[in-house]
Amino acid sequence: MLLPLLQAAAEAASASAPAAHPLAGTVAEYVWLLPLLPLLGFVINGALSIFPAYHVGPEDPSHDPEAGHTDMAHEEAYDAETATFHSRWNGLSSFVGPAVVGVAFVLAVMMFLAMRGAGSALGTAGPFTRTYGSWMPAGDLRIEWGFQLDQLSMLMTLIITGVGFLIHLFSIGYMRTDPGYSRYFAYLNLFVCFMLILVLGASYPVLFVGWEGVGLCSYLLIGFWFSDEANANAGKKAFIVNRIGDFGFLVAMFLLWANLGALDYAGVNAAAGTLAANGAVITAICLFLFLGCAGKSAQLPLYIWLPDAMAGPTPVSALIHAATMVTAGVYLIARSGVLFALAPFASLLVALTGALTALFAATIGLRQWDIKKVLAYSTVSQLGYMFVAAGVGAYSAAVFHLATHAFFKALLFLGAGSVIYALHEAYHHTHREEDAQDMRNMGGLRRFMPVTFALMWAATLAISGVPPFSGFFSKDQILGSVFAAAQHSAIAELSIAGIPGSAILYAIYVLGLITALLTAIYMTRMMLYTFHGANRTGEDERHHLHEAPWIMTGPLLVLGVLTVFGGWLNIPAILGWMGGVGALDRWLAPVVGRASEALAGGEAAHLSHSTEYALIGAAVAVGAVGILFAAMRYRAPLRPKREAEAAVGFGDAVEHAYYVNEGIDRLIIEPTVAISRKVLWRGLDVGLIDGVLVNGSALLMRGVAWAGARIQTGNVGNYAWIIAVGALVVIGAVAFR
């Protein structure tokens with residue numbers, strides 16, 4: 001039944017499509033199914049979370065007290081012995097939640113194969129677009145609801161559905177005892193749906209729908225355990241901070257429409273050439289776009305929401321950090337490469353902000369004790385790397401690091417989830433209340449969790465830039481691109497406050513190396529405190545530590561393979577003996593190649609082999625030094641959290657992330673609350689509106705009524721005198737006018 005409907009829809013879509021496009025009539029016609037499948041999962045899981053809790057009672061409860069008590073009322077029960085919630089619907093949610101994303105992944109792979117089959121014809125044919133209706137027609141404004149499939153959106157779709165499917169599988173084990181099990185999968189499916197809308201949208205407004213959708217879902221999932229005030233506040237913080245960035249995105253779209261008369265990608269790219277290169281308009285558009293990206297991708301100064309986003313379940317953290325939530329800003333800049341190529345100043349600002357963010361977050365990661373907080377600041381830092389690449393016009397390198405980061409960061413977060421799961425289980429058996437996320441309560445877990453231990457070390461080596469793991473290739477390409485741009489590019493020819501752009505780019509390269517050193521240190525520190533040394537979980541708890549179930553460990557194995565071999569997506573020419581030279585560069589060239597060349601000044605600088613070897617050697621040496629330094633520095637025994645001494649001095653400041661949140665509370669939030677209370681509430685609301693306007697008018701009317709009551713005495717003589725006086729006043733007014 002479904003297949004004929006799909007075929008009919010495909011034929012209808014292809015009838016309105018240019019027949020010459022090589023993807024017309026292929027599986028690509030079903031692109032609309034990609035977001036529809038997880039949306040269907042959201043509807044089903046949402047219904048499963050709502051309907052079992054809804055019980056219809058009798059019209060008159062006193063007539064039959066048992067009438068509203070059906071079997072549905074007994075479908076959920078709490079087992080105090082195992083601390084497990086049982087629901088007959090959990091099995092269905094366990095199937096529907098991952099299945100819809102898995103089918104979407106299979107569909108995406110088929111589309112990828114179709115694109116590969118199209119060969120070189122795809123490069124000249126342009127993006128494959130389908131329009132499904134008109135949205136918001138107003139005057140000259142025509143926004144079509146359409147999806148676009150090109151090399152960039154295809155890669156992002158594979159990451160979202162592939163990594164997303166593995167995270168859904170992991171969630172089956174991790175969330176199995178949670179009473180909001182179906183609701184969790186409903187939110188997770190909706191999250192994937194909006195991610196796909198974001199990357200498949202054929203215009204900025206459709207992208208913005210996905211952009212806002214992932215913001216909504218992150219709010220729902222970060223505050224998933226909303227009965228805890230801290231979790232609820234973390235969700236609200238993420239929502240509010242992202243609205244600041246969204247303001248920039250909206251202004252950028254207004255400027256695009258006002259100056260180019262288009263909001264779809266094809267129209268904007270075609271008309272972008274009419275704007276003066278490096279002019280005020282194009283610079284303003286790009287800076288406002290970057291403001292939106294900084295909010296979504298947690299760049300300075302809007303990074304503050306991401307570390308607190310750890311309040312949600314750990315698989316949610318993996319999905320936020322690995323798929324298209326925080327990396328949406330990188331995607332938006334790569335998608336808008338034609339615009340940023342016309343604004344070198346804005347591009348330089350993007351690169352500089354990325355480098356400063358990367359270094360700033362890396363220093364904080366050095367003193368974090370919560371294993372998820374270490375990974376959170378690591379994400380902020382790695383996002384900085386991606387913005388550095390996007391800023392210098394190396395869009396392919398930025399997307400490459402986005403892909404490898406999705407592999408090893410998902411592995412790290414899910415591995416941390418397995419560790420937290422094991423400690424929770426152990427503490428549950430002994431009924432102790434300890435922090436299962438604090439590394440001071442871990443140690444020596446390699447004996448109890450050997451698979452997780454090995455896989456997390458692979459991810460740590462990848463993020464530290466150690467060859468041949470995936471992170472080495474993508475990070476090396478970013479640093480090499482910055483070095484090349486400093487020698488020859490439109491950015492290098494700029495000057496800011498008298499400082500040459502080339503000097504700023506060399507400084508960014510050095511910042512990138514320092515960040516790589518710090519990354520290797522804090523990630524090695526995390527592994528040493530978690531898996532090495534003596535176990536600090538507790539004598540009784542130690543007997544209950546074990547590896548997570550296969551439904552959780554299996555996804556880790558798949559991600560481990562991607563973490564090790566993901567770098568083969570884009571091997572540099574100098575390492576051509578490894579195969580796959582520049583595969584991702586060639587794949588993305590039809591989308592970002594023109595913009596990269598323009599920002600490079602027509603032709604990118606070619607580094608000599610000796611220079612390339614030197615850059616690779618420097619990057620590898622920095623990572624190795626960082627790992628060795630951490631191995632020497634963090635060998636001393638560690639005390640459990642309850643016995644640990646508080647940090648003092650600069651260590652205390654770093655441990656509290658330089659007290660930035662406290663500073664924002666003191667300088668912005670508390671004054672805003674005080675002004676709101678004293679001026680807006682007590683002054684304006686209570687004083688002026690309630691006191692003067694509402695109560696004052698009421699008092700005035702009471703006075704008038706009181707005076708009228710004094711006149712209305714019932715004495716006819718008084719009324720006669722008043723009438724007489726009134727008549728004299730009227731006659732006088734007429735006589736003396």
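Which residues form a nonpolar patch on the surface? In this predicted model, where local features need pLDDT of at least 70, side-chain atom pairs count only at pLDDT 80 or more, and totals for chains, interfaces and linings use all residues, the patch consists of Ile 675, Val 679, Leu 680, Leu 684, Leu 688, Ile 689, Val 692, Leu 693 and Val 694, with about 760 Å² of accessible area together. Residues are numbered from 1 along each chain as its sequence is written, and side-chain values use heavy atoms, with hydrogens and water left out.

**Surface patch**
- Val 679, one of the patch residues, is placed in helix α25 (residues 660–711) and counts as partly exposed at 46% relative accessibility (buried means under 20% relative accessible area, exposed over 50%, and partly exposed in between, with a 1.4 Å probe and protein chains only).

**Aromatic pairs**
- The whole structure holds 27 aromatic pairs (ring centres of Phe, Tyr and Trp, the last by its six-membered ring, lie within 6.5 Å; planes under 30 degrees apart count as stacked, over 60 as edge-to-face and the rest as tilted).
- The rings of Trp 135 and Trp 145 have centres 5.6 Å apart and planes at 85°, so this pair is edge-to-face.
- Tyr 303 and Phe 360 also form an edge-to-face pair, at 5.4 Å centre to centre and 75° between the planes; Tyr 303 is buried, with a relative accessible area of 5%, whereas Phe 360 is partly exposed at 22%.

**Charge over a ring**
- Arg 183 lies over the face of Phe 224, at 4.2 Å from the ring centre (CZ of Arg or NZ of Lys must be within 6 Å of the ring centre and within 35 degrees of the ring normal).

Note on methods:
Patch = residues over 30% accessible without salt bridge, like charges linked within 9 Å, V, L, I, M, F, W, Y side chains within 5 Å. Areas by Shrake-Rupley, 256 points an atom, 1.4 Å probe, with all protein chains shown as cover. Salt bridge = Lys/Arg side-chain N within 4 Å of Asp/Glu carboxyl O. Helix = DSSP H or I, 4+ residues; strand = E, 2+ residues; numbered from the N terminus.
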